[in-house]
Amino acid sequence: MIANKEILLTELVFKFSRSGGAGGQHVNKVSSKVLLQWDVAGSTVFSEDQKAILFHALSNRINKDGVLQLESDNDRSQLKNKEIAIQRFLTIVDTALIPVKARKKTRIPYSKVVDRLDRKKRQSELKKSRSKKFDD
């Protein structure tokens with residue numbers, strides 16, 4: 001969980017532009033597309049260890065300048081697009097900071113291996129008993 005959401009939200013930079021696609025006259029005159037930018041390295045909310053985790057987990061979303069960028073042009077309203085972008089941003093950062101559990105190696109119990117081999121042997125015997133035997 002993010003401790004200081006208010007401080008984190010003040011670090012965000014928003015840029016607005018015109019959305020593409022169909023929409024007629026309205027889309028040509030309103031800048032409803034939102035580009036959210038956040039400087040990961042310059043953030044004061046997270047420790048250096050957390051920043052390293054974020055850089056690793058979000059490496060495909062962070063550009064070479066160390067800025068995380070998210071776009072939102074789902075809605076016609078600039079305000080709703082901004083809210084959608086902020087919500088996506090908080091979700092992405094929250095999930096990136098969840099520690100990955102180490103996989104525990106397990107073995108198949110010996111009794112299960114024996115059961116499987118017995119089933120195979122019984123099936124083999126069943127199929128052998130169905131075949132016609134030719135004695136000379």
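Trainee: Which helix holds Ala-85?
Mentor: This is a predicted model, where local features need pLDDT of at least 70, side-chain atom pairs count only at pLDDT 80 or more, and totals for chains, interfaces and linings use all residues. Residues are numbered from 1 along each chain as its sequence is written, and side-chain values use heavy atoms, with hydrogens and water left out. Helices here are DSSP runs of H or I, at least four residues, and strands are runs of E, at least two, numbered from the N terminus. On that count Ala-85 sits in helix H4.

Trainee: Is Ala-85 buried or exposed?
Mentor: Buried means under 20% relative accessible area, exposed means over 50%, and partly exposed lies in between (1.4 Å probe, protein chains only). Ala-85 has a relative accessibility of 0%, so the residue counts as buried.

Trainee: Which residues does Ala-85 contact, leaving aside neighbours within four places in sequence?
Mentor: Contact means heavy atoms within 4.5 Å. With those neighbours set aside, Ala-85 is in contact with Val-34, Leu-36, Leu-70 and Ser-72.

Trainee: How many Å separate the C-alpha atoms of Leu-36 and Ala-85?
Mentor: Leu-36 belongs to strand S2. Leu-36 is buried, because its relative accessibility is 0%. Along the chain Leu-36 and Ala-85 are 49 residues apart, yet their C-alpha atoms are separated by 6.7 Å.

Trainee: What is the distance in space between Ala-85 and Ser-111?
Mentor: In sequence these two are 26 residues apart. From C-alpha to C-alpha, Ala-85 and Ser-111 are separated by 54 Å.

Trainee: Which backbone nitrogen does the side chain of Asn-81 reach?
Mentor: Asn-81 is in helix H4. Its relative accessibility is 0%, so Asn-81 counts as buried. Leaving aside neighbours within four places, its contacts include Lys-33, Val-34 and Asp-73. At 2.8 Å, the Asn-81 side chain reaches the backbone nitrogen of Asp-75.

Trainee: What is the relative accessible area of Asp-73?
Mentor: Asp-73 is in the loop between strand S3 (67–72) and helix H4 (78–96). Not counting residues up to four places away, Asp-73 touches Ser-19, Lys-33 and Asn-81. Asp-73 is partly exposed, because its relative accessible area is 37%.

Trainee: How many salt bridges does the structure hold?
Mentor: Side chains of opposite charge can pair when their charged atoms come close. A salt bridge is a side-chain nitrogen of Lys or Arg within 4 Å of a carboxyl oxygen of Asp or Glu. By that rule the structure holds two.

Trainee: In which helix do Lys-51 and Glu-48 lie?
Mentor: Their side chains form a salt bridge at 3.6 Å, N to O. Lys-51 is at 7% relative accessibility, so Lys-51 counts as buried. Glu-48 is at 59%, so Glu-48 counts as exposed. The pair is three residues apart, about one turn, in helix H3 (residues 48–57).

Trainee: Which side chain of opposite charge is nearest to buried Glu-11?
Mentor: Glu-11 lies in the loop between helix H1 (5–10) and strand S1 (13–17). Its side chain reaches the backbone nitrogen of Thr-44 at 2.8 Å. Glu-11 has no salt bridge, and at 7.6 Å the nearest side chain of opposite charge is Lys-51.

Definitions and conventions
Lys and Arg count as positive and Asp and Glu as negative; His and the chain ends are not counted. A polar contact is a pair of N or O atoms within 3.5 Å; within protein, one must be able to donate a hydrogen and the other to accept it, and residues adjacent in sequence count only if both atoms are side-chain atoms.
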